[in-house]
Amino acid sequence: MTNTAHNTESPLYVDTLYQGINSFQWRELFDIVEKKGFSEKRKALFSGKKINQSENRAVLHTALRNLQGDPVLVDGEDIMPAIQTVWRQIEQCCNKFVGITDIIHIGIGGSDFGPRLVCDALWTDDSVAKTSVNVHFLSNIDSADLARTLARAKPQSTRVIIVSKTFTTLETMQNAQSVLKWLTEAKLTKTQLSNLLYAVTTNTDAALQFGVKEENILPFWDWVGGRFSVWSAVGLPIALKFGFDTFKQFLAGAHAMDQHFLNAPIEQNQPLALALSLYRNQLKRDVKSQAIIPYAQALNLFPTWLQQLEMESNGKTFGLDHQPVATSSVSVFGSAGTNAQHSYFQMLHQGTQVVPVDFIAIKAPLSNLPCAEEHHRQLIANCLAQSQALAQGFRHPTDQNHTYSGNRPNTLIWLARLDAYNLGALMALYEHRTFCLGVLYGVNSFDQPGVELGKKLAKPIDQALANPEDTNLLAGFDDITKSRIQWFNLP
Ligand SMILES: O=P(O)(O)OC[C@H]1O[C@H](O)[C@H](O)[C@@H](O)[C@@H]1O
């Protein structure tokens, strides 16, 4: 599937041929999605309508990569000047952080997966100048994550960025407190401390209260969902590690995909094609999960980023009309090939469940070593072979055990090279796929109420664990949780 017309061209190549969908069946799928109001909803997404109905918010991560700065209105106000101010802040940080050895980026979920993925993915891009700064991503409340980070950083030449949309997330706030304590113990003066502390948040008041100086706060806004926030100042470490121009390239690639998604006819629309083929597999083949296999070690974290994007967005039981939906998010898993072939591919080829696969392949070799071309040819040969084996299968004349059913749907996505521009386009491709799937399922893809209950329950459990002698604190729990708390509290 290629696009040639002006303004609809995608930087990527999406090949859905092994989905086994004929032109008549595609037509049926296009009709289904149009009946669900796709064109209208796509327009509403880009125009700042409050499509996140439950939270009464617009959804405008696309404005964050609108590098030309064409006005985008929310409640009648152009949001582009505020976005441009933050771009300048990011650029200033790049200039100011010269000589800094370590960046500790504290954040979790949407405030972590995106920048972590991009920083990991771009190390193979020889066209970008990498600074020597070490970026440490600290997310888990597990103190071993903290210990590992602190062991590697030098307090005197570290900058700490607390990244949290809400500035209330337990893990992030606890980690921030502990890092602050570490810095205080390293005998930094008050001024030194306040100079090295930065925040990226929508809740500037809370950041100020925490002790972050006003000029060190990089804001973002409630119309940016956490899992769509890597394009905001949440992506600051990308700029710090690879330079502001590379960050802008990343935004530009995503913007090109936005233009393609917005303007390409539905018959040639890549995010829509990905969504429709998966949706069809859910309806016709009772598919419950999907594997994403990038044939690039540098994209090993891509499936992890995508898990939150897809499963937190579309893992819903009730639709926008408050009625139960017929189907919603599949479970997403995956890791880099060829390694994945030596793990769960047996099940993908011969298991009783059909698991569609998205293969992601890069045309250009992934390093500049003399042997890179040879390695790369073999990497790609493996990718194409797995795709073919899943689709075509193999009938052994006598041995069932060596027979492959085939007819296992898969898609191949090509990037010309793994650089910031194409990575931006790839991530935006999947963001828009998630949006299209939300339209097909009939859900609000932009809230996540189901995440709250576990967080709420953790508080009284933490209380009971902290005060073993106070048995009154056990009163509210079911018997199983109560016995687990008691076991943990045994001396
Ligand atoms: O950025 P924060 O406000 O700290 O939120 C971090 C994460 O918290 C929760 O787990 C939400 O479900 C995620 O969507 C969010 O990305």
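Into which domains is the protein divided? There are three entries: domain 1 (4-59 + 250-441), domain 2 (62-247) and domain 3 (451-488). These bounds come from an automatic or database domain assignment. The model is predicted: local features need pLDDT of at least 70, side-chain atom pairs count only at pLDDT 80 or more, and totals for chains, interfaces and linings use all residues. Residues are numbered from 1 along each chain as its sequence is written.

View A. Five strands form an open sheet, ordered β1-β12-β11-β9-β10, and the pairing is mixed. Strands (E, at least two residues) and helices (H or I, at least four) are DSSP runs, numbered from the N terminus. Two strands pair if DSSP finds at least two bridges between them. β1 (13-15) and β10 (331-333) are the edge strands, each pairing on one side only. From one strand to the next, the twist averages 20°.

**View B. Strands β9 and β10, with helix α11.** β9 (residues 289-294) pairs with β10 in the parallel sense, over 3 bridges. Ala291 stands opposite Phe333 in β10. Helix α11 (residues 270-285) packs on the sheet and touches β1, β9 and β12 (410-415). The direction of α11 makes about 25° with that of β1. Axes are lines fitted to C-alpha atoms, for helices over the stretch in contact; angles run from 0 to 180 degrees between N-to-C directions.

**View C. The side of domain 1 that touches domain 2.** The C-alpha centres of domain 1 and domain 2 lie 29 Å apart. In contact are 29 residues of domain 1 and 32 residues of domain 2; contact requires C-beta atoms, placed from the backbone, within 7 Å. On the domain 1 side, α10 (244-263), α12 (302-314) and α15 (420-441) each give two or more residues. The largest share, 7 residues, comes from α12. This side divides into 17 nonpolar, 7 polar and 5 charged residues. Ala, Val, Leu, Ile, Met, Phe, Trp, Tyr, Cys and Pro count as nonpolar; Asp, Glu, Lys and Arg as charged; the others, Gly among them, as polar.

**View D. Helix α4 against α12.** α4 (residues 113-121) packs with α12 at an angle of about 160°, their axes 9 Å apart. That makes α4 roughly antiparallel to α12, a term for angles over 145 degrees. Phe113, Gly114 and Leu117 of α4 meet Phe302, Thr304, Trp305 and Gln308 of α12 in this contact. The contact residues are 4 nonpolar, 3 polar and no charged.

Note on methods:
Two residues are in contact if their C-beta atoms, placed from the backbone, lie within 7 Å. Angles under 35 degrees count as roughly parallel, over 145 as roughly antiparallel, 65 to 115 as roughly perpendicular and the rest as oblique.
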